[in-house]
Each structure stands twice: as structure tokens, then as C-alpha cells.
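Hello,

Here is the structure I promised to pass on to you. Have a look at it first, and then read on for what turned up in it.

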Amino acid sequence: MDDTAPVPKIDLILGSESPRRRELLSTLRVRFRVFPAEVDETLENGEIPQDHVTRLALAKAEKVAARFPDLWILGADTVVVIEGSILGKPQDRDEACAMLAALSGRTHDVFTGYALIHSRFSGLRKVRWVRSRVDIRDLDADEIEGYVTTGEPMGKAGAYAIQGIGAGIVERISGSYSNVVGLPLCEVARDLKELGVFNFLGRRDQ
């Protein structure tokens with residue numbers, strides 16, 4: 001390996017191990033590295049979804065920023081909420097089935113919080129949340145069991161993936177599709193431009 005080779009220029013660090021967020025951010029042609037940040041995702045007493053996702057997004061970004069003080073950091077967190085109850089990632093098959101049964105035939109909210117920060121420019125940070133509404137069609141027990149058997153619901157907030165097989169159970173969306181996947185691209189792209197980090201519609205150096 002040539003240690004003298006130039007290090008490719010990057011625009012920011014994505015503080016998330018989510019392949020969905022990585023794929024979404026790549027569509028903007030942002031040059032980034034992935035450095036996952038693990039934080040305690042326990043819901044605090046009385047915490048509402050908006051506060052929960054922004055707190056975790058900022059905590060993830062700050063943890064990564066401590067490692068990369070000279071770079072912009074993007075942290076994010078997504079939850080599914082139905083009637084005020086936050087549905088995280090199912091821990092096992094039974095919990096995945098229970099989540100899908102709770103969502104069946106009903107409308108729920110998807111909240112994603114994100115934080116764009118730089119250790120040297122604390123006054124310029126952006127911490128926001130975005131909400132989308134999702135309608136799931138009526139699902140019978142066999143459909144739920146069959147979907148869970150595919151393995152896709154595991155590791156997904158609310159036990160479904162709208163960008164995968166789960167598209168077959170989503171009746172309609174109100175709001176940002178990419179937000180439901182895990183990162184609201186329109187809002188993130190706007191903030192990257194406003195912060196001077198990157199403008200995906202403008203010219204860029206090679």
C-alpha cells in the first residue's frame with residue numbers, strides 16, 4: 001500500500017451504519033465516509049418523538065465529531081410512531097409480527113431527526129426533524145408471517161422497509177419518501193448548501 005498516495009477529498013462523515021442512509025446520501029453525489037456511532041437509544045421519560053430523534057441524531061453526530069474535529073458530521077435517527085407510541089426495531093420475530101399487526105390498516109407517522117455539525121463552527125449547526133405519514137393496508141396473519149419470514153423487517157424501525165418488499169404493504173404516503181427510508185434528502189440537501197458544505201446542483205471540483 002502506498003502511504004504517500006493522496007487521500008480522497010470528502011465533504012462530510014455520515015455517523016450511521018444504516019445502508020439505507022448511505023445509499024440515499026450517495027444519490028446527492030456527496031463525497032463522504034461512514035463512521036458509525038453507537039449511543040443509548042432509550043426513550044427518556046415524557047420524551048416526544050420529535051425530541052427523541054433530534055436528541056439521538058445530535059448525540060451520534062457529537063460522538064463522531066469528537067473523532068473528526070475538522071470535518072462536517074451528519075447524524076440521524078428514525079422512529080415509527082402510532083398513536084403516540086414509538087416503535088423501534090423489533091428484537092425478534094414475535095415482536096416484528098406484533099408491530100406489523102399494530103400498523104395493519106392504520107395510519108402512522110415516521111419521524112427522522114438529523115444533525116449537521118462541525119466542531120469548529122458550532123454556531124452553524126443544523127438540528128431538524130421531518131415527519132411523514134404512512135398508510136398500511138389491511139394485512140392478514142399469513143401475510144404478516146410471510147413478510148417476517150423474509151427477514152426484511154428485522155433491523156427496521158416499525159418492522160418494515162418501504163424501499164424493499166415492504167412497498168407491497170404501503171397504501172400511501174404523505175410527505176417525504178426518503179424520510180420514511182431514513183433520511184429526508186430535500187431538507188438535508190438544502191442545509192448542506194446553506195452551510196456551505198456541498199451543493200449537489202452546483203459545480204464541484206473533481
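Helix α3 (residues 93-103) and helix α4 (residues 141-149) have axes that come within 10 Å and cross at roughly 135°. Axes here are lines fitted to C-alpha atoms, for helices over the stretch in contact, and angles run from 0 to 180 degrees between N-to-C directions. Helices (H or I, at least four residues) and strands (E, at least two) are DSSP runs, numbered from the N terminus. The angle makes α3 oblique to α4; angles under 35 degrees count as roughly parallel, over 145 as roughly antiparallel, 65 to 115 as roughly perpendicular and the rest as oblique. The crossing of α3 and α4 is right-handed, a term used if the near helix is turned clockwise from the far one by less than a right angle, with left-handed for anticlockwise.

On the α3 side, the contact is made by Arg-93, Ala-96, Cys-97, Leu-100 and Ala-101, and α4 brings Ile-144, Glu-145, Tyr-147, Val-148 and Thr-149. Contact means heavy atoms within 4.5 Å. Sorted by class, the contact of α3 with α4 has 7 nonpolar, 1 polar and 2 charged residues. For these classes, Ala, Val, Leu, Ile, Met, Phe, Trp, Tyr, Cys and Pro count as nonpolar, Asp, Glu, Lys and Arg as charged, and the others, Gly among them, as polar.

Residues are numbered from 1 along each chain as its sequence is written, and side-chain values use heavy atoms, with hydrogens and water left out.

The mean pLDDT (the predictor's confidence in each residue, from 0 to 100) of the protein is 92, and 94% of its residues reach 70 or more. Over residues 1-7, pLDDT stays under 50, and the model has 0 contacts beyond four places in sequence for them. Where pLDDT is low, the predicted coordinates should not be read in detail.

Which residues of helix α6 (residues 185-194) are buried? They are Leu-185, Glu-187, Val-188, Ala-189, Asp-191 and Leu-192. Buried means under 20% relative accessible area, exposed over 50%, and partly exposed in between (1.4 Å probe, protein chains only). These buried residues of α6 pack against β1 (12-14), α1 (19-26), β3 (72-82), β5, β6 and α5 (177-181).

Asp-191, in helix α6, is buried, with a relative accessible area of 0%. Leaving aside neighbours within four places in sequence, Asp-191 is in contact with Tyr-114, Leu-116, Lys-126 and Arg-128. Asp-191 and Arg-128 are 63 residues apart along the chain, and their C-alpha atoms are separated by 9.8 Å. Just after α6, Gly-196 takes a positive phi of about 80°.

Gly-113 is found in strand β5 and is buried at a relative accessible area of 0%. Beyond its neighbours within four places in sequence, the contacts of Gly-113 include Val-53, Thr-54, Ala-57, Arg-128 and Trp-129. Val-127 is 14 residues from Gly-113 in sequence and 7.4 Å away in space, C-alpha to C-alpha.

Strand β6 holds Ile-136, which counts as buried at 2% relative accessibility. Ser-104 and Ile-136 are 32 residues apart in sequence and 5.6 Å apart in space, C-alpha to C-alpha.

In the loop between β5 (107-117) and β6 (126-136) you will find Leu-124, which is partly exposed, with a relative accessible area of 43%.

**Two positive phi values to look at**

Most residues other than glycine have a negative phi, and most peptide bonds are trans. Arg-29 has a positive phi of about 65° although it is not a glycine. Arg-29 lies in the loop between α1 and β2 (32-34) and counts as partly exposed at 45% relative accessibility. Ala-159, also not a glycine, has a positive phi near 70°. The loop between α4 and β7 (170-174) holds Ala-159, which counts as buried at 0% relative accessibility.

Best wishes
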